[in-house]
Amino acid sequence: MKKILYNKYDKAKISTLPRAVFEGRIVVVLTETEAQKAVDYLLAQPILGVDTETRPSFKKGRINQVALLQVSSHEVCFLFRLNLMGLSPSVIRLLEDQTVPKIGLSLHDDMMMLERRGEFNRGNFIDLQDKVKEIGIEDLSLQKLYANFFGQRISKRDQLSNWEADILKDKQKVYAATDAWTCILIYEELLRLEQTGDYELIKVVEDVQTDTVAEG
């Protein structure tokens, strides 16, 4: 049976889906010594998922510096606390690496935020927003994409929490790791579907006047 995908996923359905949670090991990185070991591990992996978190600002015109860089393999996610350690040499080595594909979402924004912390040459990064467009998917959010591909929900409850807290809460760690990890899963499934053609894309037509959605 072919996998059914939608060019636009119905956001109203997401709350009814089972929750997707990263169940691997989560490691918080606070120093350059820890970062060196983490990066050595990560650059030995075949593929990585990446994301960043920034403490929300509720004052107009004020944008905080990126606080967290999360980089995940299938089994382990490292949380680099950039607000405490900055862009250390090992973190820059990771960001500049050209060998291991690093999958993320809206990477242009993430890269701009990271470059505010220090200079580096961008390595091998692949943006899911660009890739899904190739098969006709128009959604840009990670939550909608994961629901579309896997029928599961990514919780966004902790997105606006304090990412500069002295100690991150467990739920923050899981949230950050899940976002990075799911980027890998979407990308690998997208490649599989492109290679096998084992999917059907249903185009959703939105009725602006009645706010109803029809499948065609």
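How many of the 7 residues of strand 4 are buried? In this predicted model, 7 of the 7 are buried, so strand 4 is largely enclosed by the rest of the structure. Here, buried means under 20% relative accessible area, with exposed over 50% and partly exposed in between, using a 1.4 Å probe and protein chains only. Strands (E, at least two residues) and helices (H or I, at least four) are DSSP runs, numbered from the N terminus.

A word on conventions: residues are numbered from 1 along each chain as its sequence is written, and side-chain values use heavy atoms, leaving out hydrogens and water. As the model is predicted, local features need pLDDT of at least 70 and side-chain atom pairs count only at pLDDT 80 or more, while totals for chains, interfaces and linings use all residues.

**The nonpolar cores**

A nonpolar core is a set of buried Ala, Val, Leu, Ile, Met, Phe, Trp, Tyr and Cys residues joined through side-chain atoms within 4.5 Å. The largest has 34 residues, and L128 and F149 touch the most other members. Two or more residues each come from strand 4 (66-72), strand 5 (76-81), helix 5 (128-133), helix 6 (142-150) and helix 7 (170-196). Helix 7 gives the largest share, 12 residues. Beyond its neighbours within four places in sequence, F149 is in contact (heavy atoms within 4.5 Å) with K3, L5, V132, I135, I137, I186, E189, L190 and L193. Another core, of 27 residues, lies apart from this one and includes A35, V50, L114 and F125.

**The largest pocket**

On a 1 Å grid over the protein atoms alone, a pocket is an open set of points with protein on both sides within 12 Å along at least five of seven lines, and lining residues have an atom within 4 Å of a point. The largest pocket is lined by 19 residues, with D51, T52, E53, D110 and Q159 nearest its centre. Strand 3 (48-54), helix 4 (107-115), helix 6 and helix 7 each give two or more residues to this lining, and strand 3 gives the largest share, 4 residues.

Key: On a 1 Å grid over the protein atoms alone, a cavity is a set of points where a 1.4 Å probe fits but cannot get out, and a pocket is an open set with protein on both sides within 12 Å along at least five of seven lines; lining residues have an atom within 4 Å of a point.
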